[in-house]
Amino acid sequence: MKNNTLKLLGLAVLMFVANSCTKDFDDINTDSQGFTTDEVSAKFFLTSSQVGLYAPNRFVYWRAQLINADRFAGHFTFGHTASWWSDGLGYTQNGGYTDATYNWIAGYFGNIKSFADLTVEGGEFENQYMYAMSLIMKGLYYQMYTDIYGMVPFTEAGVDGILTPNYDDQATIYQGIIADLDEAMAIIGDTEKTGIGVDDVGSNDVYCGGDLQQWKRMANTLKLRIAMRAYGAPGENFAAAAISSALNAPLLDDASGSVTMRKDFEISKWNSAAYGDPWNDFGDASNWTISSVLINTLKDNNDPRLTAYVNPVKGGIFKMVNATDPDTGDYVDPNFQDRIDLVTNNLDAAGADYTTSVEVDTVTVEVNGGQFIGQPIRTNGDTKSFMAYDMFCTPSDAITQTRGKEADGYPEIIMTSAEAYFLQAEAIVRGLAAGDAQAMMNAGIVEAMKIWGISAGEATTYATTQAIADISAGTEEEKLEKIATQRWLLGYTDGFEAWAVVRDMGYPAELAAGVTDAVLYELGDDLNGVYPQRMSYGSGAQENPNFDAALSAQGPNEQRVVLWYAQ
């Protein structure tokens, strides 16, 4: 009895450490005698295994989500006059940022496996329904992980006795995820809760609030995402069957809503961060602007998400001087006019209200405030001084708010009902399912806008009046472009998934095309102008003796290597 009491006390201490970054630990009752068996549960380990995958600490959030994923997705930009960097950051490799991303995502599996080990049959807190949740979390994790790098350890990952697991190809990983999701959904069946009393995960589940049927719908939507992404990839022979299976089971929809994770702004940013942390910690130097591709797509199509996503420009008077060498009298920048043209062409593309004037070697551009103007992406260091910070839109206040204030309109996106509808529309367009693709498109748009507080009326007006949402006519490729664009817009602040959409479907085409003009843009070291197709493995990956075999099978450790699903 004494040993059991000590064991439970030790587990209680671990629970406190694992969940000290949440506000839900009040559920645990303590007394001077330790904990009894009806007071302990694996649910107290759940929150910490969930949070860090979508809201890691500031070090990771800054480097993985913002510097890489959100910018590769084409939503955010750097390289303005107040920034520390040119917008080429990430396109040209930086070992510190590469390692930060890789070390976080490669090491995160341990969090999920620990929860699975506790809840699996024979585990310390055996609970088949919580174990099913661990399988679904594993699927969410691995879909993100493999879509960043391609080949990663999967079948041998976490297996006792295997310290250097083999790298699996994406086809194997995708099929493995689908198998895990099918197992999880079979375990859940019609059950609604993980148990009663202390065995009900309840609010400790920051994804679905303990609703197992919502977990099941999320798992099936993830299954559909993976199968649709794999469809048509070289040698795949499983996608069509998985798509059919997913379409014949419940998906996230307007009744269930989306699965999102509300940010907790009370806990330390060193445990779980938000965009507001880097935004407010370093002044304008660490701030970022919104890309011209995103702004123009929203603005040109009267998208009501525009003001929810971004703030208008401050505007002002911006002087750009064509400096001369005091010794020779020659102009320092022979490409000065090219950079001026980039600025004015960008303003014209945004339909901006501005004036220009030229006096000797100085070009003055005056831009009125209150407009919506995005910044050209991937501009190089030589062009940075032409990218006036106050000339471009910045993220909305809900995104950059200071710690201590919560915003219902900006949760972390886990899986959305909007995507479920868009995927169904895509399946219909591709001839993989029967149904009304336009109806699915419209429903997806309403659900996508709901996340950001846009009314159903405004969303429906957009869906039924804007050409960008009309897939009732046109070629199959034209319809797929519009669906992909809606999925990309949906992925705002969910950069890893938005980036995957561009790589998979090729839209927005302006992003997927990459850049060619080395005078204005950062071509990147191994990219040479092409759109980034993956991230490079971190230096820690080379410690695995199977690393070279992975490179031999997939290609060099470069960002230009196209992953299997996008081939």
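Me: Rings of Phe, Tyr and Trp (for Trp, the six-membered ring) pair if their centres lie within 6.5 Å, and planes under 30 degrees apart count as stacked, over 60 as edge-to-face and the rest as tilted. To how many aromatic pairs does the count come by this rule?

Reply: This is a predicted model, in which local features need pLDDT of at least 70 and side-chain atom pairs count only at pLDDT 80 or more, while totals for chains, interfaces and linings use all residues. Residues are numbered from 1 along each chain as its sequence is written, and side-chain values use heavy atoms, without hydrogens or water. The count of aromatic pairs is 39.

Me: How many residues apart are W62 and W288?

Reply: W62 and W288 form a tilted pair, 6.4 Å centre to centre with 40 degrees between the planes. Helices (H or I, at least four residues) and strands (E, at least two) are DSSP runs, numbered from the N terminus. W62 lies in helix α3 (residues 58-72) and W288 in the loop between α10 (276-281) and β5 (289-290), so the pair links distant parts of the chain, its residues being apart by 226.

Me: Is W288 buried or exposed?

Reply: Buried means under 20% relative accessible area, exposed over 50%, and partly exposed in between (1.4 Å probe, protein chains only). The relative accessible area of W288 is 0%, so W288 is buried.

Me: Which helix holds Y141 and Y145?

Reply: Y141 and Y145 form a tilted pair, 5.4 Å centre to centre and 40 degrees between the planes. Both Y141 and Y145 are buried. Because Y141 and Y145 are four residues apart, about one helical turn separates them in helix α6.
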